[in-house]
Every structure is written in structure tokens, then in C-alpha cells.
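Here are some notes for anyone opening this structure for the first time. Have the sequence and the 3D view side by side as you read.

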Amino acid sequence: MPANQPPTAPAVTRLPSYTKTDQDEILGPGDDPFGVAGTGLTWLPKEDHFGVRLDGRLVAHAGLLRLPVAIGDVETEVMGVGGVAVAPDVRGRGLARLVLAAALDHARTQGPAHALLFCRSPLVPLYQRLGWHPLDTDVLVEQPGSAPVTMPLCTMVTPLHETAPRISGRVRLYSLPM
Ligand SMILES: CC(C)(COP(=O)(O)OP(=O)(O)OC[C@H]1O[C@@H](n2cnc3c(N)ncnc32)[C@H](O)[C@@H]1OP(=O)(O)O)[C@@H](O)C(=O)NCCC(=O)NCCS
């Protein structure tokens, strides 16, 4: 490649499946690679998976699934985003941006007006940089064997369509969190 030519972005592909082994390939085999074990929450696996491979090695992932929700009094659906992960040695190169953009392109074809994700507070500025906004209302989520609980992590939202209304009022996920 000529010295003054910018490198082309790696391709994002739709992954037919995403297993714990795939996640370990990206993040390593640690017990709590997302740093959320302290919440004690039970999470849903995602349904659609987007990934980036570099030299055949899986280095980035974002997952998606469609979830029933009430926003205020309105029963609707959102696209849940989760499992966002980039291998430690290739962070800071825009791979989270890239893989999330592909996931959101797909999310826009699914109907819901918003995408939602949960993250630790130190990641809020990163997601804001990617066009997400923190939600300042409580979000209730299902948990096994208990009444709905208030999500202790930050909730980030991004509109999927120009006409998406602003989210106001309490959000109630009729499922485990993603
Ligand atoms: C969070 C994570 C996915 C980020 O991956 P990454 O590939 O390093 O992210 P990117 O390089 O695409 O950076 C995304 C953007 O955020 C910006 N950014 C990074 N850190 C930031 C910070 N602290 N404040 C503001 N912006 C920040 C980057 O500059 C980039 O913006 P740009 O493209 O305009 O320069 C990665 O650190 C990771 O896998 N962490 C462990 C797993 C995890 O916690 N996942 C999140 C689950 S919610």
C-alpha cells in the first residue's frame, strides 16, 4: 500500500452464532470481562451477532435482540444492544465504532424506534461519542424469581429513525436485560 494511503476499515460480518468460546477469543477467559458481575444480574443472550476478524481472529463483537418494553404508558419494542467487546490489544482503533455501526444499520431495518444498551458509568462518554445519550429515567428489568428490579447500570439510548420520539417516562423491559 502506498505510504500516504489511509488503511481501509476491516469488514464487519454477521456471525452465524456467538459462543462463550468466541467471547473468550475476544476478551480472554476472565470471570467478569464486562465488569458487571457485581450487579448480580442475569442477562439474556443476544440473537444477532456482528463481528470483526483480523487475520482470521475474532477481535470485535456487538449483539442485538428485539425486546418488548413499556415507555411510560406505551407498550412497544426496542432493539437491545449488548456484548460489545473489542480485544484488548486492538482497542482504540475504532473497532467498537465499526461493529456498533453495523449492528445499528441492521437494527434500523427491524422496526423499533430506539436502541438501548446498559453500561458502566466510565463508558458513558465513549458511547456519547458514538451518538448515544444517557437516559435519566429509571429502567426496570426482569430478574429470575423476583419482582422487576431497577437497572443499576447506566442506560444509553440512540434513535434508529429520524421520527423517533424522545424517551420520557419510566422504561420497563418485559425481559431480562441484554
Ligand atoms: C468498550 C470497548 C468495546 C471500546 O472498544 P474500542 O475499540 O477501544 O472503541 P473505539 O476505538 O471504537 O472507540 C469508540 C470511540 O470512543 C472514543 N473514546 C474512547 N474512550 C473514550 C473516553 N474515555 N471518553 C470519550 N470518548 C472515548 C474513541 O475516541 C472513539 O471515538 P472516535 O472514533 O471519534 O475517535 C472496549 O474497551 C472493550 O471491549 N471493553 C471491555 C468490554 C466492555 O466493557 N464492553 C462494553 C460493554 S457495555
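The points below go from the annotated domain to the core, then to a helix and the strands.

1. First, a caveat: this is a predicted model. An unreviewed UniProt entry annotates residues 13-154 as "domain: N-acetyltransferase". In the model, that span is 19% helix and 37% strand, and its end C-alpha atoms lie 28 Å apart.

2. Which residues touch the most other members of the largest nonpolar core? They are Val81, Tyr127 and Trp132, in a core of 33 residues. Helices H1 (20-27), H2 (95-107) and H3 (124-129) each give two or more residues to this core, as do strands S2 (48-54), S3 (57-71), S4 (74-86) and S5 (114-119). H2 supplies the largest share, with seven residues. As background, nonpolar side chains in soluble globular proteins tend to be buried together.

3. Leaving out residues up to four places away in sequence, Trp132 touches Val81, Leu100, Leu104, Ala115, Leu116, Leu117, Tyr127, Met156, Val157 and Thr158. There is also a second, separate core of 19 residues, and Leu41, Leu116, Val139 and Val157 are among them.

4. Now look along H2. The buried residues of H2 are Leu95, Ala96, Val99, Leu100, Ala103, Leu104, His106 and Ala107.

5. Is S3 largely enclosed or open? Of its 15 residues, 12 are buried, so S3 is largely enclosed by the rest of the structure.

6. On one side of the pairing story, S2 and S3 run antiparallel over seven bridges, with Val52 opposite Ala60 in S3. These two strands form a hairpin with two residues between them, and Asp55 in the turn has a positive phi of about 50°.

7. S3 also pairs with S4, again in the antiparallel sense, over 11 bridges. Here His61 has Ala85 in S4 as its bridge partner. The hairpin of S3 and S4 has two residues between the strands, and Gly72 takes a positive phi near 60° there.

8. One more partner for S3: strand S10 (residues 171-173) runs antiparallel to S3 and is joined to it by three bridges. To find the spot, look for Ile71, which stands opposite Val171 in S10.

Note on methods: Residues are numbered from 1 along each chain as its sequence is written. This is a predicted model: local features need pLDDT of at least 70, side-chain atom pairs count only at pLDDT 80 or more; totals for chains, interfaces and linings use all residues. Side-chain values use heavy atoms; hydrogens and water are left out. UniProt positions are given in the numbering used here, feature names are shortened, and annotations may be inferred rather than shown by experiment. Helices (H or I, at least four residues) and strands (E, at least two) are DSSP runs, numbered from the N terminus. A nonpolar core is a set of buried Ala, Val, Leu, Ile, Met, Phe, Trp, Tyr and Cys residues joined through side-chain atoms within 4.5 Å. Buried means under 20% relative accessible area, exposed over 50%, partly exposed in between (1.4 Å probe, protein chains only). Contact means heavy atoms within 4.5 Å. Two strands pair if DSSP finds at least two bridges between them.
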